[in-house]
Amino acid sequence: MFQELFTPSVQHALDLAGIFVFAISGALLAVRKNFDVFGIAVLAEVTALGGGLIRDLIIGAVPPAAFTDLGYFVTPLVATALVFFLHPHVERIQVGVNVFDAAGLGLFCVTGTTKAYEFGLGLTASAALGVATAVGGGVLRDVLANEVPSLLRWDRDLYAVPAIVGATMVVLCIRFDALNAASSGVAVVTAFVLRLLAMRYHWRAPRAWNRRSAATEEKATAQ
């Protein structure tokens, strides 16, 4: 579906752009963790391609696109080289990197959902895999770096929610036979803008209702 909405060259360029900015975020985390060049490359590759690999393996699209298109594999290595030599400069444009990362999130939640549906999954499962495509690489990145995944931390701005919204919009369009270039673009932009707003205004998901604060718990333990 989505692949039919744009020319193959445009679709490929969009995929590579999303892969590149995801790889940058993985490589930067590796630098902060003081990894060597191999570790930087691994984190860049996993962050960029992990979500798509998870999706393709689940739906049976094998070998996964990451192993059939050399550009998908090489692009994270380009990001690795860039960060390896220029990471102080890349850090200074972190805001710009975050903006492109949000764009990749919006794009991948839409492409992941449509690809899953094309392989015969139901609407709910397709939306779930769309979200996994968008956020899966980041989860794998954090696990390999021995971090609590950002996706699960209450003190991080909303990340999965914009992807969920974008994927939901796609399956609703499919359900009502309204998926086209315009509606797909609206879903991408919606997820993108929600992520930007979450970063700008620090929107966060609520924690458990009426939970006790850490300070209260520590005081009770001391007594």
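1. The second largest pocket draws at least two lining residues each from α2, α3, α4 (65–68) and α6. Helices here are DSSP runs (H or I, at least four residues), numbered from the N terminus. A pocket is an open set of points on a 1 Å grid over the protein atoms alone, with protein on both sides within 12 Å along at least five of seven lines; lining residues have an atom within 4 Å of a point. α3 gives the most to this lining, with 6 residues. Asp15, Arg55, Ala65, Tyr72 and Lys115 lie nearest the centre, out of 20 lining residues.

2. The volume of the second largest pocket is about 350 Å³. Volume means the space filled by probe spheres set on the grid points, which are joined across faces, edges and corners. Its lining divides into 9 nonpolar, 6 polar and 5 charged residues. In this scheme Ala, Val, Leu, Ile, Met, Phe, Trp, Tyr, Cys and Pro are nonpolar, Asp, Glu, Lys and Arg are charged, and the others, Gly among them, are polar.

3. On the model itself: it is predicted, so local features need pLDDT of at least 70 and side-chain atom pairs count only at 80 or more, while totals for chains, interfaces and linings use all residues. Residues are numbered from 1 along each chain as its sequence is written, and side-chain values use heavy atoms, with hydrogens and water left out.

4. Confidence next. Mean pLDDT (the predictor's confidence in each residue, from 0 to 100) is 89 for the protein, and 92% of its residues reach 70 or more. Residues 215–223 stay under 50. For that stretch the model has 2 contacts (heavy atoms within 4.5 Å) beyond four places in sequence.

5. The largest pocket holds about 670 Å³ of space. It is lined by 23 residues, with Asn98, Arg141, Ser150, Arg156 and Arg195 nearest its centre. α2, α6, α7 and α9 each supply at least two of the lining residues. α7 gives the most, with 5. By class, the lining has 10 charged, 8 nonpolar and 5 polar residues.

6. There is 1 cavity of 30 Å³ or more. A cavity is a set of points where a 1.4 Å probe fits but cannot get out. The largest cavity has a volume of about 40 Å³. Its lining residues include Phe22, Asp101, Ala134, Arg141 and Tyr159. α2 and α7 are the elements giving two or more residues to this lining. α7 gives the most, with 5. The lining divides into 4 nonpolar, 4 polar and 2 charged residues.

7. The largest nonpolar core has 40 residues, of which Ile24, Ala134 and Ala163 touch the most other members. A nonpolar core is a set of buried Ala, Val, Leu, Ile, Met, Phe, Trp, Tyr and Cys residues joined through side-chain atoms within 4.5 Å. Helices supplying at least two core residues each include α2 (8–32), α7 (123–144) and α8 (160–175). The largest share, 9 residues, comes from α2. Beyond its neighbours within four places in sequence, Ala163 is in contact with Leu105, Cys109, Val131, Ala134 and Val135. Another core, of 5 residues, lies apart; Ile59, Ala61, Ala116 and Leu129 are among them.

8. Pro63 sits in the loop between α3 and α4. Its relative accessible area is 54%, so Pro63 is exposed (buried is under 20%, exposed over 50%, partly exposed in between; 1.4 Å probe, protein chains only). Pro63 and Leu53 are 10 residues apart in sequence and 9.3 Å apart in space, C-alpha to C-alpha.
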